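Thanks, everyone. I'll keep this brisk. Here is the model on the screen.

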Amino acid sequence: MHSYNKLARIQCVLLLCCALTPLCAAPVRLIFDTDMGNDVDDAVALAMIHALESRGEAKLLAVTITKDNRWAAPFIDAVNTFYGRGEIPIGMVRAGKTPDDANMLRVPSERKRPDGSFVYPHDLLDGREAPEAVGLLRKVLARENDGQLVIVQVGFSTNLARLLDSNSDDASPLAGRDLVKRKVRLLSIMGGAFPEGKPEYNIQTDIPSAKKLFGEWPTPIVTSGYEVGDKILYPAASILKDYSYVPDHPIAEAYREYMKMPYDRPMWDPTATLYAVRPSSFSLSPRGVITVDDEGRTHFTADDKGRRRYLKATPEQGTAALRAIIELASRPPDKLPRALKEYARPSR
Ligand SMILES: [Ca+2]
């Protein structure tokens with residue numbers, strides 16, 4: 001009896017420690033769905049996820065892409081490899097939106113050393129060789145424990161709307177909607193404008209998919225509207241100094257390729273990413289319903305039974321979020337890739 005009490009006491013103390021220490025919490029199991037290449041904040045968000053995984057706060061299970069350009073997948077594979085996680089599966093949209101080329105994807109993916117090796121090693125050389133995104137989503141969902149998965153969607157709703165409509169397959173006997181209902185705890189989106197505003201890019205680019213997502217997604221959605229990230233500006237100065245721990249950094253290079261430096265870019269996608277893992281970083285609207293109109297505007301109606309909310313940030317929360325985004329995105333990998341060490345030279 002005595003030893004049983006002692007054990008119970010130890011368990012109690014451990015539980016209390018876990019409740020008080022974020023590091024003790026189980027990592028948030030994530031899928032990152034992105035239109036990588038249309039803006040550079042997706043790249044910052046992916047770097048953040050790697051840092052969150054290194055800190056034990058998150059586990060990146062897969063990346064799925066809604067920008068239908070062949071360089072998106074190689075770039076993401078190069079970033080994942082840089083952070084020591086080149087094995088993370090990458091799924092690609094088929095017949096998707098915005099196929100146009102982007103220097104921030106192509107230049108770092110293609111660039112080679114004088115000896116012919118990639119500056120940023122990767123083995124996925126063309127997005128057309130990557131598995132189709134919805135099939136990959138179904139596989140990953142099917143393997144997860146019920147009610148735990150979090151999906152971060154920072155591009156269009158193409159992949160996730162198709163997931164809802166997907167049929168049973170080898171991965172799971174459940175249809176898409178039922179699979180999502182069983183496995184996904186939260187969908188954290190960057191999209192829309194709240195409480196009202198102009199049509200926002202992620203919504204406007206694939207309006208039918210966004211309508212379906214907000215209307216039919218069977219578990220809670222929290223979305224970070226345009227206005228939240230628009231006030232959180234990543235400083236060009238950080239790109240110039242915080243990434244020089246290696247001579248070549250895929251995130252800094254993508255940033256330089258996206259627009260003429262120096263520029264401070266709004267961090268729309270990183271807000272949805274940060275919320276997914278550290279929800280106390282922001283405030284939330286009341287519960288409600290979100291609809292999307294034919295022009296791509298989002299409309300929120302408060303409703304106690306609703307399962308949609310939008311993010312809100314006080315100026316203090318915005319400042320703290322920016323600090324967290326910079327710290328996370330510029331955190332070095334746990335282990336620098338060998339190729340980078342071999343070529344390491346004094347920082348330029
Ligand atoms: Ca994006």
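Start with burial. Of the 348 residues in the protein chain, 46% count as buried. Buried means that 20 or more other C-beta atoms lie within 10 Å of a residue's own; exposed means 12 or fewer, partly exposed is in between, and the C-beta atoms are placed from the backbone.

Two notes on the source. This is a predicted model: local features need pLDDT of at least 70, side-chain atom pairs count only at pLDDT 80 or more, and totals for chains, interfaces and linings use all residues. Residues are numbered from 1 along each chain as its sequence is written.

Now the overall content. The protein chain has 15 helices and twelve strands. These are DSSP runs, numbered from the N terminus: helices are H or I with at least four residues, strands are E with at least two. Next, contacts, where two residues qualify if their C-beta atoms, placed from the backbone, lie within 7 Å. Among contacts in the protein chain with a separation of 6 or more, 83% join residues 24 or more positions apart.

On to the core. A nonpolar core is a set of buried Ala, Val, Leu, Ile, Met, Phe, Trp, Tyr and Cys residues joined through C-beta atoms within 7 Å. The largest one has 100 residues. Which members touch the most others? They are Leu30, Ala43, Val44, Met48, Ile251 and Ile325. Helix H2, residues 41-54, gives the most to this core, with nine residues. Take Leu30. Not counting residues up to four places away in sequence, Leu30 touches Ile49, Ala58, Lys59, Leu60, Leu61, Val150, Val152 and Ala276.

Ile251 brings us to H12. Eight of the nine residues of H12 are buried, so the helix is mostly covered. The buried ones are Pro250, Ile251, Ala252, Glu253, Ala254, Tyr255, Arg256 and Tyr258. What covers them? The cover includes H2, helix H3 (72-82), H4, helix H11 (236-241) and helix H14 (315-329).

Next, H6. Six of the eight residues of H6 are buried, so this helix is largely enclosed by the rest of the structure. Those six are Thr158, Asn159, Leu160, Ala161, Leu163 and Leu164.

H6 has two packing partners to show you. With the first, H6 (residues 158-165) and helix H7 (residues 176-183) pack at about 105°, their axes 5 Å apart. That makes H6 roughly perpendicular to H7. Axes here are lines fitted to C-alpha atoms, for helices over the stretch in contact, and angles run from 0 to 180 degrees between N-to-C directions. Under 35 degrees counts as roughly parallel, over 145 as roughly antiparallel, 65 to 115 as roughly perpendicular, and the rest as oblique. At this contact, Leu163, Leu164 and Asp165 in H6 meet Gly176, Arg177 and Val180 in H7. By class, that is three nonpolar, one polar and two charged residues. Ala, Val, Leu, Ile, Met, Phe, Trp, Tyr, Cys and Pro count as nonpolar, Asp, Glu, Lys and Arg as charged, and the others, Gly among them, as polar.

H6 and H9 pack at about 55°, with axes 8 Å apart. H6 and H9 are therefore oblique to each other. Thr158, Leu160, Ala161 and Leu164 in H6 meet Ser209, Lys212, Leu213 and Glu216 in H9. The classes are four nonpolar, two polar and two charged.

Asp206 sits in the loop between H8 and H9. Buried or exposed? Asp206 is buried, with 24 other C-beta atoms within 10 Å. Leaving aside neighbours within four places in sequence, Asp206 is in contact with Lys97, Phe156, Ser157 and Thr158. Asp206 and Thr158 are 48 residues apart in sequence and 6.8 Å apart in space, C-alpha to C-alpha.

Last, the backbone. The peptide bond from Phe194 to Pro195 is cis, with omega near 0°. Pro195 lies in the loop between strand E5 (184-190) and helix H8 (201-205). A cis peptide bond also joins Met261 and Pro262, with omega about -5°. Pro262 is in the loop between helix H12 (250-258) and strand E8 (265-266).

Then positive phi. Ala95, not a glycine, has phi near 50°. Ala95 belongs to strand E3, residues 90-97, and is exposed, with 7 other C-beta atoms within 10 Å. Thr98 has a positive phi of about 45° and is not a glycine either. Thr98 lies in the loop between E3 and helix H4 (103-110). Thr98 is partly exposed, with 19 other C-beta atoms within 10 Å.

That's my tour. Thanks.
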